[in-house]
Amino acid sequence: MKLLTEMIDNVKTTFIQSNKFKTIVIKVLFRGKNAHDSATQRSLLSRLLANSTAKYPTKKELTNKLYDLYEASFSVGSSPIYENSIVSFNLEFVNSKYLPDKKVTKEAFEFLHEAIFYPNITKNQFDEKVFQEEKRLLKVSIENIYNNKNRYALRRLLDHMCPDEPSSISPLGDLEVLKNLTSKDLALTYQKMISEDEVSVYCLGDFDIEEMKSYLINNLKIAKLSSKTVNYPLHFNEIRKNITSKEISEEQDINQTKLMIGFRTNTYPTDKLLPALIVFNIMYGGLYVSDLFQVVREKHSLAYEIASQVISEAGLLIVNAGIEKSQINQATSLIINEFRKYQEGRINHELFEVAKTNLLNDLKELEDDPYSIINFIYRRHLFNLSPNVDDYIKQIQNVTLEDVIAVAKNIELDTIYTLTNKAGEHYGA
Amino acid sequence: MELRKYDQIDEIVYYEKLDNGLKVYLIPKKTYNKTYALFATKYGSIDNRFVPYGKEEYEIMPLGIAHFLEHKLFETKEGIDAANILTNLGAQANAYTNYTTTAYLFSTTDKVFEALNVLLDFVQEPYFTDENVAREQGIIEQELKMYLDIPSEQLRLGLLKNMFKEHYINQDIGGTVESIKEITKEKLYTVYETFYHPSNMVLVVVGNFDVNECIKTIRNNQQNKQFHPITNIKREYLCEDNQVVNSYGEVKMDILMPKVAVGLKLPYEGLSGEELLKQELLLKILLEDVFGTTSNNYQEMLDKELITRSFSTNIFVEQTAGFLMISTDTLKDDEFANYVKEKLLSLNSIKMSKNNFNRYKKVILGNFIKSLNYLEYIANSFIYYHFKEVDIFKVLDIIEKLTYNDLKLLEKYFVKKAISIFKVLPKNIVKQ
């Protein structure tokens, strides 16, 4: 795999050459502000852009165009990184090496140009019919978080734990904000994104760089993209210590209780100890051999699902488990006990080595998936860290047991959230 | 080893059938970092009625036993979880059970052959005790309860129960909280002896490894093990015609918006191999034309607010049972169901344009090539097609050979008695 980043017409462009994939992937990313209102606006905007353009106004026409490109995949998504909202245009098409039709690459770039620069806007507003349709569909998607009990419980934990932080902003959007949005508002959101966001372009696949450049310049017309840079904070940066932890419980008519425990890590993406936090998380709840899985699931048979995850830019460590209501206290104390062991320096040395080996394996496997590669490199670019996987691998290898203890000592329990079934009611099989 | 080359898509496969009957397929990919290995038996949740090895009479097993066995095989004689042994080697282990297959797998970027030995050993060395069976019941009970709270799972299961009378496809793959309590170590051994013979299994390794070393490792591993002689496994399926059991059903859950599924049951016709695959591909093309995002119907359903982004069409085609499922979240549940039903019934006379037919063929082709980027896809589809007696890399040929006139074959399926509707409705009506 070869990596080259350069400015093309003032736009930061990265070429990732790899001969292992049968497709070419192009990603154009717009970095703007993630806030209560803008998250909803950009969520709706990405849906409008993904499903309609001036030339292909309906989903039908747009999909037909993609079908003609041998079922090219096209999507537009918005996702947050702390105070940043990233809207990304993704296009993947079969490398013309494998096709009878060699014009696919050029046409794919022309399509992307169309999708980015010619949305379905006339007289400063999105086509009203398309707008109302996407608004309705987004509303349903937001409401349906309620149906996915894990996802719902996680959102509720964040609502209670960090109500004033960007981490609690739902990436899908907020119903109250959505309600008042008009097709004019969204045209403004689009204009703002095109003119004010920081843009990066990534091309991955088996190609000749000069040829790719010519497509970018002549067919994508990269010069039309903004050359601005932005500087919104990329991570939470406060130290939260001596927290009085809180417990919150809510009810639904469900069979299984969802337990979510939120911790503050006090360690952030650019910190020297971040790799140690990642190792800690794997040891604690990221693998079969992890403490949580072994103790809560295998030893005590309390759960099927149990895991921990780190949201590094938010400074959060979250444990989730699906358990019986009558076993909430037992499960919670087991989960917290396992965590305390790290703070007390009681660490399983073998598990430490295994966690590192598995992380290294994950990082190497990442290079076998085109989207994972681009996402990894983009994140590293944002945080101004080396984009080479090998450099990150070295950092993981250099993590010591002392680092893991130090990182655990910085972690504080914050909120215990449970979503349980209503008292006295029994459902199910 | 036999070398098979597929020049059009730039793929090669090495094949060998070992003396004990195990079929081994090696797909080297030098440009990838990882290796993905999949060890699978042709045995899934619907294989619940069979003649156990060494016996004469048919027996029926508790629902969910294939999935239970999948969990339990990971436990080794030493009381160590095999997934942990693989994890300790840096490999990631997993397993899954579906209607027709149970598969064990790992992916790794290092120590491939050590991991391969662990995989072959834990799957081929069962160790069940009363105590470890009881412990697993607690874990699986939580797994089943998790599914009870997932509305899409309940929608699918409800529809299947509506459509099928006695074929085991109408049961949850994991069984029920009650049925798993009937599982004993003796029953697990019975199932194991019957279905885990190497001749009923296949091993696929795809990724970055040395082919000669790999086959040597596998041969050595298998030579040291004793298996009973190869026998023919007798299984019975209660195959059905396309008459549904109930044309309507519903269940209530704590959700906000109704979920509706319209199902079309396919009659058992004894299709297999390429014929069965052809049927599946043609149905895919047909549903794309009728309900795909490029269809007028899709736009009409959006305009009438009958569907949301959750709208999906699914095709399930196996040798012993098959069905189509068209579902969505919607506030207009009856209107949606009637609309889909009417469109399905109109397919007793198919009016697709030739142009569309050719376009959808192209789509399926492009989609297939895109998927070959992923080793997981290659290995899992390999098994999927293999158990259907189709060579995965020949799927391209089969797609290309489809003709417009083949569509006629489908018209007979679209009849009223084959259609069923199932809804998951909110417990409390929420104000809109």
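Is B:E389 buried or exposed? I looked this up at the start. B:E389 is exposed, with a relative accessible area of 51%. The cut-off for exposed is over 50%. I keep in mind that this is a predicted model.

**Entry 1: backbone angles**

I stayed with B:E389 and checked its backbone. Its phi is positive, about 65°, although B:E389 is not a glycine. Most residues other than glycine have a negative phi. I then asked where B:E389 sits. I found B:E389 in the loop between α12 (375-386) and α13 (395-401) of chain B.

A:K221 is not a glycine, yet its phi is positive at about 60°. Its place is the loop between α8 (209-220) and β9 (246-252) of chain A. With a relative accessible area of 37%, A:K221 is partly exposed.

**Entry 2: chain B as a whole**

Next I looked at the whole of chain B. I counted 13 helices and 14 strands in chain B. The C-alpha trace of chain B spans about 65 × 50 × 45 Å along its principal axes.

How much of chain B is buried? I read that 60% of its 432 residues count as buried. I also checked contacts in chain B with a separation of 6 or more. Residues 24 or more positions apart account for 80% of them.

The accessible surface of chain B is about 17,000 Å², and carbon and sulfur atoms hold 47% of it. Chain B carries 52 positive and 60 negative side chains. The centres of these two sets lie 5 Å apart.

**Entry 3: aromatic rings**

How many aromatic pairs are there over all chains? I noted 39. I picked the pair A:Y67 and B:Y360. Their ring centres are 6.1 Å apart and their planes stand at 85°. Planes over 60 degrees apart count as edge-to-face, so this pair is edge-to-face.

I traced both partners. A:Y67 is in helix α2 (residues 59-68) of chain A and B:Y360 is in helix α11 (residues 354-371) of chain B, so the pair joins two chains. A:Y67 is buried at 5% relative accessible area. B:Y360 is buried at 3%.

I then took a pair inside chain B. B:F128 and B:Y189 are tilted, with 4.6 Å centre to centre and 55° between the planes. The two are 61 residues apart, and their pair links distant parts of the chain. B:F128 lies in the loop between α3 (112-124) and α4 (130-148), while B:Y189 lies in helix α6 (residues 185-195). B:F128 is buried, with a relative accessible area of 3%. B:Y189 is partly exposed at 27%.

I also wrote down one aromatic cluster. Its members are B:Y43, B:F50, B:F74, B:Y104, B:F122, B:Y192, B:F195 and B:Y196.

**Entry 4: B:T293**

Last, I looked up B:T293. B:T293 is in the loop between α8 (273-291) and α9 (296-303) of chain B. Which residues does B:T293 contact, leaving aside neighbours within four places in sequence? I listed A:K59, A:K60, A:T63, A:Y67, B:E288 and B:Y298.

Definitions and conventions
Residues numbered from 1 in each chain as written. Chains lettered and ligands numbered in written order. Predicted model: local features only at pLDDT ≥ 70, side-chain atom pairs only at ≥ 80, totals over all residues. Heavy atoms only, no water. Helix = DSSP H or I, 4+ residues; strand = E, 2+ residues; numbered from the N terminus. Buried < 20%, exposed > 50% of the residue type's maximum accessible area, 1.4 Å probe, protein only. Contact = heavy atoms within 4.5 Å. Areas by Shrake-Rupley, 256 points an atom, 1.4 Å probe, with all protein chains shown as cover. Lys, Arg positive; Asp, Glu negative; His and termini not counted. Charge placed at Lys NZ, Arg CZ, Asp CG, Glu CD. Phe/Tyr/Trp six-rings, centres within 6.5 Å; stacked < 30°, edge-to-face > 60°.
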